[in-house]
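Biologist: Please take a close look at one part of this model for me. I would like a helix pair, then its surroundings.

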Amino acid sequence: MDYVVEMLNIRKEFTGIVANDDITLRLKPGEIHALLGENGAGKSTLMSILFGMYQADRGAIKINGKEVRISNPNVANELGIGMVHQHFKLVENFTVTENIIMGSETRKWGVVLDVKRAGKKIEELSKRYGLNVDPYAKIEEISVGMQQRVEILKMLYRKADVLILDEPTGVLTPQEIQDLGKIMKNLIAEGKSIILITHKLKEIKEFADRCTVIRRGKTIGTVEVADTSEAQMAEMMVGRQVSFKVHKTESKPGDVVLKLESLNVKSSRKALALHDFSLEVRAGEIVGIAGVDGNGQSDLVEAVTGLRKAESGKIYLNGKDITGIPVRDRIESGIGHIPEDRQRRGLVLDYTLAENMVLEVYHKPPFSRGGILQNQAIRKYADEIIKSFDVRSGEGAVSSARSLSGGNQQKAIIGREIERNPVLLVAVQPTRGLDVGSIEYIHRRLVEHRDKGNAVLLVSLELDEVLNVSDRIAVLNNGELVGEVRAAETNENEIGLMMAGVRKEARA
Amino acid sequence: MNNRIVISLCAVVFGLLAGAVLMLATGHNAGSGYSYLFEGGLKNAERIGNTLATATPLILSGLSVAFAFRTGLFNIGVAGQLLVGGFCASVVGLGLDLPKVLLLPVMLIVGAAGGALWAVVPGLLKARFNVHEVVSSIMMNWVGFWTVYYGVQSLIKNPSSETESKQLPEAATLKAAWLTDLFHGSYINLGLLVAVVIVLVIAFIINKTTFGYELKAVGHNRDAAEYAGIAVNRSIVYSMAISGAIAGLGGVVMYAGNASNIQIGILPSQGFDGIAVSLLGANNPFGVLLSAIFFGLLYSGRGFMNAMTDIPPEIADSIIAIIIYFSATSILIERLLRRFKRRRANAKIAAVQEGKVKKSYVDNDR
């Protein structure tokens, strides 16, 4: 019995798309096994099959050498398989303990909920694996990183031996990622096995023992991580050589496109989230906003795009005061916006891809005439974006946006915004959840957009991205501008200090 | 969409089967029960006419609910909007002395405006203060109920009855001699044509216009609509107003077509039936048209069934209720269909199959 989990020659077809085609994955006991692949390569489908959410059309699954049929997640649980989903499945206003025991509640006298006993058990588990979770805190009060650890605890509480972590680092800060790494090491030290779904090569290199690469639904191979370089893995995943460096020429800043003058913005909780913020973005340059999540980035973006009212201060676009004008007028005056949350803001998930591609321009010819939608023109426009941005979907322009994988949803939004050729493109986390191939491509498109003489405001939590793509970097801390630096003349360290609120002059 | 049709048909079939079981369980012959039920609605031209006439207000109330649903709102105030629409039209119909060709359009417009007014209040409250439209539109039902109660008595009271309004003159009703003759004396009226035209208009608005695109976008995802520069609050108010206007037309059809005066103290049940009609019709205008006719058939057939057999008319109501349950829980039927399809697909793949279901445990002490 050499393997805990064996998935052999798995095939799964959805209408119009073969998600998994003859995929084989073998997990050894006590290893961290990365599952690497581009968006839509079939990673999530494969894991959903292992977790019993889908049934394979063909192929076999063996657990500890015994062939099994996993008809639903309960069976997977009984077999000791647990999964942490990309989007957590927690009840916000329940405590950690209540969330963990949900579905397998401990009881006193058969009917009364015994939260205390469960809480103690969770505390023990948390200590044993170094998870550092307070069992009595409410979910809405704890950080995203801790919420993730709650999900991990949930599986440990159910005695899972095989843990599937689906894109676990996407929502974490760099420190939290390091913590997660330690936790994973603790877990395998205690005899658990981990399947890590990711497309971040750096993390695979850092945490994983072996790595299975899949591409377009097929297994490309399984490699020992120690013997394989990042570039090799990237090539296996994408099918061609990938460059990690963003190629761009020196920026040639032109006129000021966006000018912010001592902007004050209140957050949705009515606290001052952006304080006396001034910034200029010129034509032909990319200005990056660096900062730890929740330091006023969203508020800045919403104030610029018109989704939130500025308390005071001025916003100028090409010299025109746009402080008080509605969203649509800002769109018309040339602002494009790649929103932070693609599913909440960026797409109407129940609309088709084509309908989503004209979300901001549907009321203009040729997409409508006299208030009547022109489906042919819409369809043609959507097909162009789908083609030039390589948006993959089951049924092309008529697929519902909901049916697309996250990465393809993102590509569709980016395509829609760039296609409108805005003078100011506000890109918030544009490559969140995308694979290296797509990241490379999107960075190139952003630089191209700059080179056409437009201004780009890039807001990202990925420091690498801000450093690589931007020409100039403004650092936000606690709603205030800590300082501005030229990207070519700075490094991760300096920015990191500024993100923590240390001003440049203070250090000198 | 095709799937939705199958689901709605399944709901109907299950409802009828359950009705048969009910009839058998209460010691009646299901076969003769159903044959009288359907004969009662379809036996001759007059009965067909009556079925369609019964269906007419249901088409409009169902469409009103469906339109609101499609734009993300739950208009549960259709009953009040029917009543107010009908009342406004009746006041105009009794008060204005115009030729029929002019009076009827005026009544329809005024009725629609009355319904819209009643629905716009919850719309404004939702847009301005985020008050849930279910609560406020239920409230408006009762405000409408008592307003009409008072209004009928003080403005258009029937001299010979305390509880109803004056009879509308011939020029102020949707009854048309040629239609009555065509259906051998049925009470079918021009309201049916009005309803069919409105179905077409609404289908067009929802599917083909930028206006419909905006309203649906707001209904599906308010945040994304806001992001795209759509005036979200204005859309909500418009949606409610249109939904209410459709219901108001339904009121005109009811009180100046099927009937020719208003009974006070009754909140029309057609308003709530609209929810069921909309559900069974999958919130699609043409689906609503068909499901309203089906409901009309059951309603108009049950009297005949009751007269010809000793099956209580409540059985027909129960069938309707069961159909509503099945269409409301369409996800169950969907799952059944999917399982059925999968089984067929699996049978086709005669290839190597996975092992039998084994809930064998993995040892924990590895």
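Modeller: This is a predicted model. Chain A holds 18 helices and 24 strands. Its radius of gyration is 24 Å, which agrees with the value near 23 Å that a compact globule of 508 residues would have. Along the principal axes, the C-alpha atoms of chain A fill a box of roughly 70 × 55 × 50 Å. Take the contacts in chain A between residues at least 6 apart in sequence: 67% of them join residues at least 24 apart.

Now the pair itself, in chain B. Two packed helices are described by the angle between their axes and the distance between the axes. Helix α4(B) covers residues 78-95 and helix α6(B) residues 133-155; their axes come within 8 Å and cross at roughly 25°. That angle is under 35 degrees, so α4(B) and α6(B) count as roughly parallel. The crossing of α4(B) past α6(B) is left-handed. On the α4(B) side, the contact includes B:L83, B:F87 and B:V91. Their partners in α6(B) include B:F145, B:V148 and B:L155. By class, the residues of this contact are ten nonpolar, four polar and no charged.

Last, the side of chain B that touches chain A. Here 26 residues of chain B are in contact with 40 residues of chain A. Two elements of chain B give two or more residues to it: α9 (210-220) and α10 (222-227). The largest share, five residues, comes from α9(B). This side has eleven nonpolar, eight polar and seven charged residues.

Notes: Residues numbered from 1 in each chain as written. Chains lettered and ligands numbered in written order. Predicted model: local features only at pLDDT ≥ 70, side-chain atom pairs only at ≥ 80, totals over all residues. Contact = placed C-beta atoms within 7 Å. Helix = DSSP H or I, 4+ residues; strand = E, 2+ residues; numbered from the N terminus. Nonpolar A, V, L, I, M, F, W, Y, C, P; charged D, E, K, R; others polar. Axes fitted to C-alpha atoms, helices over the stretch in contact; angles between N-to-C directions. Parallel < 35°, antiparallel > 145°, perpendicular 65-115°, else oblique. Left-handed = near helix turned anticlockwise from the far one by under 90°. Rg over C-alpha atoms; globule rule 2.2 N^0.38 Å.
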